[in-house]
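Please look through the model below.

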Amino acid sequence: MKTRLVALLLLSLCSLEWLRAQEDFDTTEPRWKQLSQAYGFVLGQQTSLELVEKKFPTLAKDAKEAWFAFNSTALGESFKGVEDELSRELDAKWPEYKEQMATQMNDLVGKQDLTLQQATEFLAHVRRRAKGDMPETIRSALLSAHPRYSKNPALELSDGWKQTFRTKDHPKAKGVDFSISFPDSWNKREGDRPNIIQVFRSGSGHGPIMCNLMVKTIPFPAGYTPTKQELKEFFQPGELEGSVPAGGKFVTAQELVLEGAPAGMLVCDITQQRLDLTITMRMTQFMTIHKNSMILIQFGVSKLPDTQETLDQLQQQFLPTFKSVANTFVLNDRYK
């Protein structure tokens, strides 16, 4: 049965669907616009706090404490990263843009007829913002500019800035109910391809990491359930090497355990043609089997135009993040 089992499993894996999904991920909002919105949000907050402190001296101490509460979090730390990135994006136009933003905020905030009650409520709201209570797009843009998180998104997860996605009742999940967490700064959207449930991209949709969540049905014979030993044999590196799509280059493979079940990690390079460009991606895929379904967590990195790192260097840099995300994987129906 082993030969037939391996053939069935390889058939479930051999697909370029994950690669084509990257072509479908279109971030319609330019990076400079994302950053500008986040910059204006925090600048407006700072200007409003200064107004409260000036207009209501009895609230001066509370205003300083509210600003410190926000500024001492990762969101506050990210503001400098937003400024640095905007200055690179806008280049020579940055000083003029910064001055215009400050003038506009001062004019806008200065026209507000703020009452003591409104000022008090605003300070409480700033404290809630320090915990992430703000528009999702602003929070994502801020966190994506954090100097530590952009280099090592696993730190964002470990610091508690995360979003959890659950497949329950999703039509492409084929009845499989699992949860998995990603850094809060990663954008997400529904997958357009038949088996892709959700697509994530780092850097608020502009980063180097892509991740697809997939579930594929395995055509097991009626009444057949593979044993744990059979699954362990399939997830051996030598067997996984055979699942690399045609034209791909095998890099490495490893047997793992996910949610207490046999699993594997496959790393390979895939080259694709886009118009007049040839792009090579490094794919790191975590996979396990639940009932008659193959569950795949697929990460892809490729060189961005402004980066000098090789695929090996990108893999080394982001592998801890891939493993951190995969380690949050939970099969919910095991705990019913």
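Predicted model: local features only at pLDDT ≥ 70, side-chain atom pairs only at ≥ 80, totals over all residues.

Residues are numbered from 1 along each chain as its sequence is written, and side-chain values use heavy atoms, with hydrogens and water left out.

Two packed helices are described by the angle between their axes and the distance between the axes. Axes are lines fitted to C-alpha atoms, for helices over the stretch in contact, and angles run from 0 to 180 degrees between N-to-C directions. Helices (H or I, at least four residues) and strands (E, at least two) are DSSP runs, numbered from the N terminus.

Start with helix 4 (residues 60–71) and helix 7. Their axes lie 8 Å apart, at an angle of about 15°. Helix 4 and helix 7 are therefore roughly parallel. Angles under 35 degrees count as roughly parallel, over 145 as roughly antiparallel, 65 to 115 as roughly perpendicular and the rest as oblique. On the helix 4 side, the contact (heavy atoms within 4.5 Å) uses Asp62, Ala63, Glu65, Ala66 and Phe70. Helix 7 answers with Leu123, Val126, Arg127 and Arg129. By class, this contact of helix 4 with helix 7 has 5 nonpolar, no polar and 4 charged residues. Here Ala, Val, Leu, Ile, Met, Phe, Trp, Tyr, Cys and Pro count as nonpolar, Asp, Glu, Lys and Arg as charged, and the others, Gly among them, as polar.

Helix 7 (residues 116–129) also packs on helix 3, at about 140° with the axes 11 Å apart. That makes helix 3 oblique to helix 7. Phe41, Gln45, Ser48, Leu49 and Val52 of helix 3 meet Ala119, Phe122, Leu123, Val126 and Arg129 of helix 7. This contact of helix 3 with helix 7 has 7 nonpolar, 2 polar and 1 charged residues.

Now turn to helix 5 (residues 74–90) and helix 8. Their axes come within 7 Å and cross at roughly 70°, so helix 5 and helix 8 are roughly perpendicular. Ala74, Leu75, Ser78 and Val82 of helix 5 touch Arg139, Leu142 and Leu143 of helix 8.

Which helix gives the most to the lining of the second largest pocket? Helix 8 does, with 3 residues. Helix 3 (31–55) and strand 3 (187–190) are among the elements that each supply at least two. The lining divides into 1 nonpolar, 7 polar and 4 charged residues. Trp186, Lys188 and Asp184 are among them. A pocket is an open set of points on a 1 Å grid over the protein atoms alone, where a 1.4 Å probe fits, with protein on both sides within 12 Å along at least five of seven lines; lining residues have an atom within 4 Å of a point.
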